[in-house]
Amino acid sequence: LGGSVLSITAPETAIALFGLIPRAVTQDLWLWQLVTYLALHGGLLHLLFNMFALYMFGTALAIIWGDRKFLAYFIYCGTAAAALTIALDPGSSIATIGASGAIYGLIYAWAKEFPEAVIYIWGFIPVRAKHLALLLFIVEFALAQVPSPIARFAHLGGLLAGIAYCHLPGL
């Protein structure tokens, strides 16, 4: 939360130092950005949406897995989201901020743990958890083909990391 407050009160400085800037990571080795970008958000609505999703999907996972495994998974998904973002454009000076990639990983794990659970999209469209994860993947992949300020590949990176974690032995 402190990072999010910093990004709202001093956005240029906070984003330059702690946002995920691929060029800063690859050329200047500002490796902390692989994690710190998760704490910055582009405004109150962005922060509130991610906090709501973290509460909604993360609470059950933290109870089942325990706090340590949950936190490690969250950081793993967030770091994987950063890695994909960097891999696709390592020389970019455009900052990525927010925990959405990690949240997408949480949604996948939640769907894996509770596949028949029902969630209501926009409050009235019922979707089973296992279908929600697939729907999010399809939508994000399709929208990634359209120029946007939203870090679609970060979302996909977190989701793919969640799939790998939940299905590959040894992770």
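Modeller: What follows is a set of questions and answers about a predicted model.

Biologist: Why is the pair of Trp 30 and Trp 32 called stacked?

Modeller: Ring centres must lie within 6.5 Å, and planes under 30 degrees apart count as stacked. Trp 30 and Trp 32 are 5.1 Å centre to centre, with 25° between the planes. So the pair is stacked.

Biologist: And why is the pair of Trp 65 and Tyr 73 called edge-to-face?

Modeller: Their centres are 5.0 Å apart and their planes stand at 80°. By the pair rule, the count comes to nine aromatic pairs.

Biologist: Are Trp 65 and Tyr 73 buried or exposed, and how do you know?

Modeller: Buried means under 20% relative accessible area. Trp 65 has 14%, and Tyr 73 has 0%. Therefore both count as buried.

Biologist: What makes Lys 69 a charge over the ring of Trp 65?

Modeller: The distance cut-off is 6 Å from the ring centre. The charged end of Lys 69 sits 4.8 Å from the centre of the Trp 65 ring.

Biologist: Which residues make the nonpolar surface patch, and why does Phe 18 qualify by its accessible area?

Modeller: Leu 17, Phe 18 and Trp 32 make a patch of about 260 Å². Patch residues need over 30% relative accessible area. Phe 18, in helix 2, has 32%, so it passes that cut-off. Trp 32 has 40%, so it passes too.

Biologist: How do you know that Glu 116 and Lys 130 form a salt bridge?

Modeller: The cut-off is 4 Å between side-chain nitrogen and carboxyl oxygen. Here N to O is 2.6 Å, so the pair is a salt bridge. Glu 116 lies in the loop between helix 7 and strand 1 and Lys 130 in helix 8, so the pair ties together parts that are 14 residues apart in sequence.

Biologist: Why are Glu 140 and Arg 152 called buried?

Modeller: Glu 140 has 3% relative accessibility, and Arg 152 has 15%. The limit is under 20%, so both are buried. Their side chains meet in a salt bridge at 3.1 Å, N to O.

Methods
Residues numbered from 1 in each chain as written. Predicted model: local features only at pLDDT ≥ 70, side-chain atom pairs only at ≥ 80, totals over all residues. Heavy atoms only, no water. Patch = residues over 30% accessible without salt bridge, like charges linked within 9 Å, V, L, I, M, F, W, Y side chains within 5 Å. Areas by Shrake-Rupley, 256 points an atom, 1.4 Å probe, with all protein chains shown as cover. Helix = DSSP H or I, 4+ residues; strand = E, 2+ residues; numbered from the N terminus. Buried < 20%, exposed > 50% of the residue type's maximum accessible area, 1.4 Å probe, protein only. Phe/Tyr/Trp six-rings, centres within 6.5 Å; stacked < 30°, edge-to-face > 60°. Lys NZ or Arg CZ within 6 Å of the ring centre and 35° of its normal.
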